[in-house]
Amino acid sequence: MNRVIKGVFLFVACVGVLTLLGCGTSQPSHFYLLRAVSPASVSGLSDTKPSSLSFGLGPITLPKYLDRPQIVTKTSAHEVELAEFHKWAEPLSENVSHVLAENLSALLSSDRILQYPWRSSIPLDYQIAVDVLQFDGTMGGEAVLVARWSLLGGDEQTVLTTRKTQMTHAPTSQNYEALVEAMSRNLEDLSREIAEALTTLSPKIQSRSLP
């Protein structure tokens, strides 16, 4: 009987030690944010007059599989991986919206970028709706952004143009920081394409170019 009791105590003690060792070696979590383009890096900054037009940005939608704090990467055509210790510092949908707004503000020389939802009493010249279909990447591969976006008139009903575009950038290193940087560059490319489309629609818009 004593041997049984000693065996139980020894087992419990071993479990406790292993648990403590596991807790002690748990790696810390890392948190990331997408980067907006720096206004100082946009060419033509000094000779472009501020725009008087108002732009409504949104709604912006992302796939449900990205609606989580963990960074999602693809491991195959049908499998994704959630990075338990590498997470977004804010909801990805909000981060994407903020970065697009900052990029378009710099590219269109406008501080009148209103993010969805805006008050119905605010008059808009153009609305930009973005439906993100894919926004992820593979470690050692490419970061991919696929989006269908539309430009609408100020009445929010007249569709002026609709396009589907795909952006890719290869991370410079096989780590999550480099992957997030490549994802930011994809958003820069999407922002530039939207700004160029707006420029062709209205002679009042003078877009700037990203390096």
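S97 has its place in helix 2. Keep in mind as you look around that this is a predicted model. Is S97 buried or exposed? S97 counts as buried because its relative accessibility is 13%, and the cut-off for buried is under 20%.

Which residues does S97 touch, once its neighbours within four places in sequence are set aside? The contacts are with L57, I60 and Q115.

## Helix 2 from end to end

Helix 2 covers residues 92-107, which is 16 residues. At 1.5 Å a residue, the helix should span 22 Å, and the distance of 22 Å between its end C-alpha atoms agrees with that. Just after the helix comes S109, with a positive phi of about 55 degrees.

## The whole chain

Now step back to the chain, which has three helices and eight strands. Starting at the N terminus, their order is α-β-β-β-β-α-β-β-β-β-α.

Of the 211 residues in the chain, 41% are buried. Among contacts with a separation of 6 or more, 68% join residues 24 or more positions apart. The accessible surface comes to about 12,000 Å², and carbon and sulfur atoms account for 54% of that surface.

Notes. Residues numbered from 1 in each chain as written. Predicted model: local features only at pLDDT ≥ 70, side-chain atom pairs only at ≥ 80, totals over all residues. Heavy atoms only, no water. Helix = DSSP H or I, 4+ residues; strand = E, 2+ residues; numbered from the N terminus. Expected span 1.5 Å × (residues − 1). Buried < 20%, exposed > 50% of the residue type's maximum accessible area, 1.4 Å probe, protein only. Contact = heavy atoms within 4.5 Å. Areas by Shrake-Rupley, 256 points an atom, 1.4 Å probe, with all protein chains shown as cover.
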